[in-house]
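Colleague: Please walk me through this model slowly, starting with one residue and what surrounds it.

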Amino acid sequence: MSATHPILRLESVSKHFGGLRVVEDLNLAVRRGVRTALIGPNGAGKTTVFNLITGVFPVDAGRILLDGVDITATSSHLRIGHGIARSFQNIRLMPHLSTLENVMVGQHCRNRGVRGVLQPVNLVPRNRWREAARAALVDAGLIEYERSTVGNLPYGVQKRIELVRALMAQPRLLLLDEPAAGLNPAETEALQAQLEKICIGGLTVLVVEHDMHFVGALCEDVIVLDFGRKIAEGSPEDIRRNPLVQEIYLGAPVAQPMERHSACSA
Ligand SMILES: Nc1ncnc2c1ncn2[C@@H]1O[C@H](COP(=O)(O)OP(=O)(O)OP(=O)(O)O)[C@@H](O)[C@H]1O
Ligand SMILES: [Mg+2]
C-alpha cells in the first residue's frame, strides 16, 4: 500500500431512514496518517456516517473500503478487529466502573466473545492488559483517576478517558464524534494536547467537530456535509473561505462553533 493510498474510502454511499435521505451518494476518502475533520450543520448526517463506517447501520447503497478491502458487509465487531475505533457524541463509558476498568474494557476486541469482554475486568486483574491500561493512563496524564468511579469525574476528564479506551484497541483509524463538545477552554486544551501526542505516531483520525478553532489546530483535511451530501473539501483555510460553506453557517465566516441558520428538516 502506498503512503498516499486512502485508508478509508466511501463510494457512492447512501442511507435512508424511512423517507429521510440522511446520507446521499457520498464519496469520500481519508488519507492515511492524516487528521481529517468531517463538519456540517446539525443533522447533516455526520454521526450517521460514523455509524455506517463502524457498521452500526448497514448502508442502503454503495461500498466502504478500509485499506482497499471492502468491509461493507463486515460486522461491527469485526470492523473493530480490523482497526477501526471510535468515541461517541454522548459519552459511553461505564459510569459505575473505575477509570482503569473502563480503559481495560477497551482491549476486549482482541478477545472475541463475552468471555473476552469480561475477562479484563473480572478474571485476570493483574494481567498484562491491566499494565497496558495503566501505561496508557500514565501517558495521557490521567493515572491520578485510575481508581476513581468514572461517573463521578468531570465531563472533560471522562472525554479523555474515552479517548484512552478507544486507543486500547490499537486502531489504525480513530473516529471521534465531537470530542470537544461541552468542554470548557482548559478541558479542550488538555484534550487537544492529548490528541496531538496520540497523532505523533501517524495515527489516522477522522473527527466530527463543530469548533473550527479546534479543527484548524488539529486537522489537515476538512470534508463538509450538508443534508447528507459532500458540499466541499480541502484544507481548513480553503473551507473557511469557501462561499458555499459560509452560506450554510449564518452567512458568516466559519470561525465559531457552527449551527445551521434554520432548523434542519432534511
Ligand atoms: N436511527 C435513526 N433513525 C431515524 N432517523 C435518524 C436516525 N439516526 C439519525 N437520524 C436522522 O438523520 C439525520 C442526521 O442525523 P445525524 O445524527 O447523523 O446528524 P449529525 O450531523 O451528526 O448532527 P449533530 O451535529 O446534531 O450531531 C437527522 O435528521 C436525524 O434525525
Ligand atoms: Mg452527530
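**A threonine and its surroundings**

Colleague: Which residues is T54 in contact with, leaving aside its neighbours within four places in sequence?

Modeller: Setting those neighbours aside, T54 is in contact with S76, R79, I84, R86 and L175, where contact means heavy atoms within 4.5 Å. This is a predicted model, in which local features need pLDDT of at least 70 and side-chain atom pairs count only at pLDDT 80 or more, while totals for chains, interfaces and linings use all residues. Residues are numbered from 1 along each chain as its sequence is written, chains are lettered from A and ligands numbered from 1 in the order in which they are written, and side-chain values use heavy atoms, with hydrogens and water left out.

Colleague: Where does T54 lie, and is it buried or exposed?

Modeller: T54 lies in the loop between helix 1 (46–53) and strand 4 (61–66); helices (H or I, at least four residues) and strands (E, at least two) are DSSP runs, numbered from the N terminus. T54 counts as buried because its relative accessible area is 9%, and buried means under 20%, exposed over 50% and partly exposed in between, with a 1.4 Å probe and protein chains only.

Colleague: What lies 2.8 Å from a polar atom of the T54 side chain?

Modeller: That is the backbone oxygen of F50, at 2.8 Å from a polar atom of the side chain of T54.

Colleague: Changing topic, how many aromatic pairs does a search of the whole structure find?

Modeller: The search of the whole structure finds 1 aromatic pair; rings of Phe, Tyr and Trp (its six-membered ring) pair if their centres lie within 6.5 Å, and planes under 30 degrees apart count as stacked, over 60 as edge-to-face and the rest as tilted. The pair is F17 with F57, and it is edge-to-face because the ring planes stand at 80 degrees, with the centres 5.2 Å apart. The pair links distant parts of the chain, since F17 is in strand 1 (residues 6–17) and F57 is in the loop between helix 1 and strand 4, 40 residues apart.

Colleague: How accessible are F17 and F57?

Modeller: F17 is partly exposed, with a relative accessible area of 34%, and F57 also counts as partly exposed, at 26% relative accessibility.

Colleague: What about T204, where is its place and what does its side chain reach?

Modeller: T204 has its place in strand 8 (residues 204–208) and is buried, with a relative accessible area of 2%. The T204 side chain reaches the backbone nitrogen of G33 at 2.7 Å. Not counting residues up to four places away in sequence, T204 touches I7, V30, R31, R32, G33, V34, R172, L173 and L174.

Colleague: Zooming out, how many helices and strands does the protein chain have?

Modeller: The protein chain has 10 helices and 10 strands, and buried residues make up 50% of its 266 residues. Among contacts between residues at least 6 apart in sequence, 66% join residues at least 24 apart.

Notes
Polar contact = N/O pair within 3.5 Å; in protein donor to acceptor, adjacent residues only side chain to side chain.
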